[in-house]
Amino acid sequence: MLEAEVILKHAGQLVTVPPRARGARDDELGVIEDGALAIAEGRVLWAGPTAALARHVKVTPRTEIYHLHGRVVTPGLVDPHTHLVFAGTREHEFALRAAGRPYLEILAAGGGILSTVRATRAASDDELLRLALARLSRCLSFGVTTLEAKSGYGLSLEHELRILRTIDRAAQIHPVRLVPTLLAAHAVPPEFKGRQAAYVRHVVDEILPAVATERLAEYCDVFLDQGVFTLEQARRILERAARLGLRPRLHAGQFSDLGGAQLAARLHAASADHLEHVSAAGLRAMAKAGVTAVLLPGAALSLGMKPPDARPFLRAGVPVALATDLNPGTSMTENLLLMMTIGVTQQKLTPAQALRAVTDHAAAALGRSGRVGTLAIGAEADVAVFDVADWRQLAWHFGVPHAEMVLIEGEVVWSRDPIRRISGRRGRRRRRR
Ligand code: NIG
Ligand code: FE
């Protein structure tokens with residue numbers, strides 16, 4: 001019989017989210033009533049009804065057992081698009097935009113992203129780290145256990161490296177799993193004003209090789225849009241990145257469709273993100289190449305735009321993920337559960353598709369389907385315990401940090417009002433991630 005190190009039992013609903021990559025439909029969640037989850041060596045050992053637990057799993061005096069009293073258990077959530085590391089605030093722009101000033105006009109006038117670049121360059125390493133850690137802890141309170149984190153507020157070799165090293169330090173200190181992305185092509189920095197082509201060469205010839213040598217990023221992203229970077233520049237940067245071992249992903253179609261979906265498909269990008277503007281041909285290309293769409297309803301909400309309808313994506317066969325886009329300009333939120341609410345009410349995802357969008361499909365957008373964002377046997381034991389009676393309440397009761405307890409690799413890393421362990425001892429060693 002299987003020997004468990006940790007057991008969670010009497011979950012009102014245990015939502016396992018079988019991975020789509022292993023054939024599950026996108027609205028199939030694998031809900032087990034009065035469920036139990038057994039964990040060993042940081043991975044899911046067994047999941048099933050609490051009544052069947054004793055027949056399948058061996059309990060030893062060391063087994064940590066938690067009685068969940070009907071709370072809901074899901075895989076730890078995955079936020080596949082954030083701009084985690086930045087200093088400074090932008091509430092003044094929020095008001096300007098509400099009064100009608102366009103986002104790209106503020107950027108062209110040297111504000112927007114560039115104002116955050118100034119604040120970030122001026123901040124010390126320790127201050128950047130402190131801000132990132134505080135944000136990560138807020139993410140955890142919404143049940144997030146894996147998070148993609150982009151650079152992009154440095155825009156020079158020195159400062160992009162500094163931000164990626166901050167992400168690396170945060171990953172060593174904070175339990176949330178971090179996936180680092182280089183976004184040096186987020187805007188043209190002031191030193192290269194009017195010399196965009198020269199900045200692209202700097203990214204391709206200096207920044208990318210340095211990041212690859214230090215192994216500081218797994219992905220490379222580009223902000224492809226009108227007045228930012230062109231399709232040809234995005235292609236050059238992402239192709240060089242791929243040759244250096246950084247997988248492509250792309251900000252595309254936030255304000256205008258420049259063909260980013262097709263480019264993402266051609267480069268076999270892990271995801272194309274935003275896609276407020278995308279053609280039917282773009283969606284067909286993404287579906288064929290297996291590129292996940294990461295929709296960012298927080299950005300639309302904060303910019304007073306309409307978030308894109310998810311139904312054309314689903315009809316075309318494009319997997320849809322949701323992310324916060326956590327950033328000071330267009331989406332100042334850590335609340336991934338709120339993205340589910342907007343996904344359901346404004347983007348017409350079913351509640352089940354919305355939950356998959358922040359678990360399995362979000363994991364797919366990070367090349368991790370089957371490993372995180374699911375409680376399938378053998379997956380990482382990253383688990384969110386929510387203080388709700390039905391998983392659909394996560395989107396229905398909105399704006400609230402519902403998580404009560406969070407485990408990463410089978411270890412309780414966060415708990416609101418500690419749920420007391422009713423037996424077992426501490427002292428298991430964690431594997432190195
Ligand atoms: O994803 N669109 C580009 N980048 C961010 C916004 C960055 C900022 O305004 O600081 C986004 O929305
Ligand atoms: Fe973004």
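The legends below describe close-up views of a predicted model.

**View 1. Ligand 1 and its surroundings.**
Ligand 1 sits in the largest cavity. Its shell holds 15 residues, and the closest are Arg90, Tyr103, Tyr153, Gln254 and Thr330. By residue class, this shell around ligand 1 divides into four nonpolar, nine polar and two charged residues.

**View 2. Side chains that approach oxygen atoms of ligand 1.**
For Tyr153, the distance from a side-chain N or O atom to an oxygen atom of ligand 1 is 2.6 Å. For His274, the corresponding separation between the side chain and a ligand oxygen atom is 3.0 Å. For His251, a side-chain N or O atom lies 3.1 Å from an oxygen atom of ligand 1. Taken alone, ligand 1 exposes 330 Å², and the protein buries 100% of that area.

**View 3. Helix α13 and its start.**
Helix α13 comprises residues 336–345 and is mostly covered, with eight of its 10 residues buried. The buried residues of α13 are Leu336, Leu337, Leu338, Met339, Met340, Thr341, Ile342 and Gly343. At the start of the helix, a side-chain oxygen of Asn335 comes to within 3.1 Å of the backbone nitrogen of Leu337.

**View 4. Thr166 in helix α6.**
Thr166 belongs to helix α6, which spans residues 157–173. The residue counts as buried because its relative accessibility is 3%, below the 20% limit for that class. Its side chain reaches the backbone oxygen of Arg162 at 2.8 Å. In general, an α-helix has 3.6 residues a turn, so residues three or four places apart point the same way.

**View 5. Arg177 and Asp382.**
Arg177 is found in strand β10, which covers residues 177–185. With a relative accessibility of 11%, Arg177 counts as buried. The side chain of Arg177 makes a polar contact with the side chain of Asp382, at a distance of 2.6 Å.

**View 6. Arg215, a residue with positive phi.**
Arg215 is placed in the loop between α7 (196–213) and β11 (219–224). Its phi is near 50 degrees, a positive value in a residue other than glycine. Most residues other than glycine have a negative phi. Arg215 counts as exposed because its relative accessibility is 74%, and the exposed class begins over 50%.

**View 7. His268, a further residue with positive phi.**
His268 lies in the loop that runs between α9 (260–266) and β14 (271–274). Although His268 is not a glycine, its phi is positive, at about 50 degrees. His274, within the range given for β14, has a side-chain N or O atom 3.0 Å from an oxygen atom of ligand 1.

**View 8. Ala24 and its separation from Cys139.**
Ala24 is located in the loop between β2 (6–15) and β3 (31–40). This alanine counts as buried because its relative accessibility is 8%. Ala24 and Cys139 are 115 residues apart in sequence, and their C-alpha atoms are 27 Å apart in space.

How values were computed. Residues are numbered from 1 along each chain as its sequence is written. Chains are lettered from A and ligands numbered from 1 in the order in which they are written. This is a predicted model: local features need pLDDT of at least 70, side-chain atom pairs count only at pLDDT 80 or more; totals for chains, interfaces and linings use all residues. Side-chain values use heavy atoms; hydrogens and water are left out. Helices (H or I, at least four residues) and strands (E, at least two) are DSSP runs, numbered from the N terminus. Buried means under 20% relative accessible area, exposed over 50%, partly exposed in between (1.4 Å probe, protein chains only). A residue is near a molecule or strand if one of its heavy atoms lies within 4 Å of it. A polar contact is a pair of N or O atoms within 3.5 Å; within protein, one must be able to donate a hydrogen and the other to accept it, and residues adjacent in sequence count only if both atoms are side-chain atoms. Accessible areas come from the Shrake-Rupley method with a 1.4 Å probe; for residues, only the protein chains shown count as cover. On a 1 Å grid over the protein atoms alone, a cavity is a set of points where a 1.4 Å probe fits but cannot get out, and a pocket is an open set with protein on both sides within 12 Å along at least five of seven lines; lining residues have an atom within 4 Å of a point. A molecule sits in a cavity or pocket if more than half of its atoms lie within 2 Å of its grid points. Ala, Val, Leu, Ile, Met, Phe, Trp, Tyr, Cys and Pro count as nonpolar, Asp, Glu, Lys and Arg as charged, and the others, Gly among them, as polar.
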